[in-house]
Amino acid sequence: MKDMFKKYGVVILISVFFVGIIAYFGYDQTKNIVQGKKANGEDVIFTINNEDVTANEFYDILYKDLGIQTAYTQFEKAVVNGSVEVTDEMKATADEYAANIVSSFQSQYGATYEQELVKILKTLGYENASDLNLYMLDGLKKNTLIENYVLENKDTVYTPYAEAKKPRVVSHILIKMVDPTNPTEEEKAKMDAVNAALAEGKPFADVATEFSEDTGSAVQGGSLGFMDADTQFVPTFLEGALALEAGQRSEWIQSDYGYHLIVCDATDFDTLATYPDFYTQLTTFTPEIQPKAVWASAQNLGLDFKENEEFKTALLSYMGISE
Amino acid sequence: MKKILLSLCALLLLTGCSDAYGKLTDGNTVLFTIGDTQVTKDDLFKTMKAQASGYAAISEATRVILENEVPVTPEIEEAAKASLETYRATYGESFPLMLQSYGYADEDDFYTNSLLVNAQLTELTKKYVTDNFDQLVKTHDPKEAIILTFATEADALAAKADLESGIDGITVGSTYNSSSAGAERIITTSTDLDTNVKSFIQNATENTISDVIVGSENETYSIVQITEVDPNNLKDEITTVLANLDTTASESDVFYFKKYGFKIYDKDLFDNIQTNYPSYILD
């Protein structure tokens, strides 16, 4: 033994040193690792009171509260991907939305933004940060699917909404006032100038561009775009706008901002259907449009529930579809 | 030498170990296909885990703990039923709709899975306080006191004289317009009080009546009567107060999760709990 140590002492010391380094390295690398466990051949997710909850059991626990809702999300994603073709415009819009989200996450989370983004994407059924563009694209494709459904089923889905919410496209001219209950001579003169221009036969859009003091809409000929009964306008304006037929112009209407002249540009479906907000408001009024649109498209794609009638019934019930 | 080299290699391999992810035995089971897309049980499992694995695991573990520590008694059922009546009275006809919006099928579901569980958790926290009374008393230093606060020093001095003559705190408080009610209450280190008043109470070692205590931040004049410094003489009252502290419920959870050996073997679950419920990471 002594002879061996004399001969190989340095080698032995160096070996012991390296074993120590590797052992410490090994401990340091593994101390934060989540160790696995098996019970009767099944992976264990957690234990409590020496009872193992396996992956299969945990699936059943999660499925009770989240299963059908998660299945619907996957169902919808698959239908959307199978039904709607991607356009260059969609890709560009999706990329823009994704860039905005990344920028927002970077501001909020700094160096860990990607980690936070992935956490949220995983809850939506995606895997990596690079799936953000895909998520945005899927959202745009879903909108297209719903729009197509609405266009194809306008008679059944549009009429109840139109009767309840009076959707329309409107424009206005605003003369701002410090105290609308007591207009100054100058403010009255501006209203007179608008009246005179309209009486001469000038188009409303031109008069709005020239005289309206709502600078945001003035550059667009006074157009405020799509609105309905739920649009957040001041009450007198909202009431005045909803009372008009297509092509009609209101009398001067007083609001907290001053006086408005409002024109109802259109109330017909074909015009309304060119506005994205129209579909947002329509699906808010009739939430079942979305699952119905998804189900209708699914019929054309080769749908197979693998003879699992119980699952199919639960999914259809969640979607509000009765076959 | 060969054996040493082999051991070194084995140690190197060990350092390459990675986190465990619990897998389903039938994860490849296809739930449905749409065109070329298959959705499997694995797909659902991944998403559900990301959404709520922490909440689900903690709820399930809590259920096991409650089964063992706090079986349902008639008193617990009574407390849960009283809560249900309060909800019914508050929400009236919209109660069923309110329940549905929170994901409950009906009143029975709400009663069994929320109200009864909450009543059991309240008892569990009380049990934790009772079983760990001495240690919690050391941390929270509870004492019983009457605190009277006045706008003028003259009122405070007059109140002190009345207390010393044996008149009760509520009467004295009312006589001299104290801004506090004058009833005896349990004060702990968590109680929100003026610094100087709190300091007097925490330093008290016997039943006594203070001199006038001037407020630390505003012009107030307080008199404090310490009515009990020995927590063992007020065990029930102190247990109720400590059980209702914000920190006690979470301390109790961690205590029982440790007692029942809660251990995680899945990285997704670990990450979810670490992000959303970090106090339940016990290792």
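## Chain B in outline

Helices (H or I, at least four residues) and strands (E, at least two) are DSSP runs, numbered from the N terminus. By that count, chain B of this predicted model has 12 helices and eight strands.

Chain B has a radius of gyration of 28 Å, whereas a compact globule of 283 residues would come near 19 Å. Its C-alpha trace spans about 85 × 70 × 35 Å along the principal axes.

## Where the chains touch

On one side of the interface are 54 residues of chain A; on the other are 50 residues of chain B. Several elements of chain A give two or more residues each to this contact: α1 (2-30), β2 (42-48), β3 (51-54), α2, α4 (113-123) and β8 (303-304). Helix α2(A) gives the largest share, 16 residues. By type, chain A's side splits into 27 nonpolar, 19 polar and eight charged residues.

Which residues of α2(A) and α2(B) make the contact? From α2(A) they include Tyr59(A), Leu62(A), Leu66(A) and Gln74(A). From α2(B) they include Leu44(B), Phe45(B), Met48(B) and Glu60(B). The residues of this helix contact divide into 11 nonpolar, six polar and four charged.

In what order do the three strands of the open sheet stand? The order is β8(A)-β1(B)-β2(B), with antiparallel pairing. Strand β8 of chain A and strand β2 (37-40) of chain B are at the edges. Each has a single partner strand, so one side of each is left without a neighbour in the sheet.

## Another strand pair across the interface

Strand β2(A) also reaches across to chain B. Two bridges join β2(A) to β8(B), residues 263-264, and the two strands run antiparallel. Opposite Thr47(A) stands Lys263(B).

Key
Residues numbered from 1 in each chain as written. Chains lettered and ligands numbered in written order. Predicted model: local features only at pLDDT ≥ 70, side-chain atom pairs only at ≥ 80, totals over all residues. Contact = placed C-beta atoms within 7 Å. Nonpolar A, V, L, I, M, F, W, Y, C, P; charged D, E, K, R; others polar. Pairing = 2+ DSSP bridges. Rg over C-alpha atoms; globule rule 2.2 N^0.38 Å.
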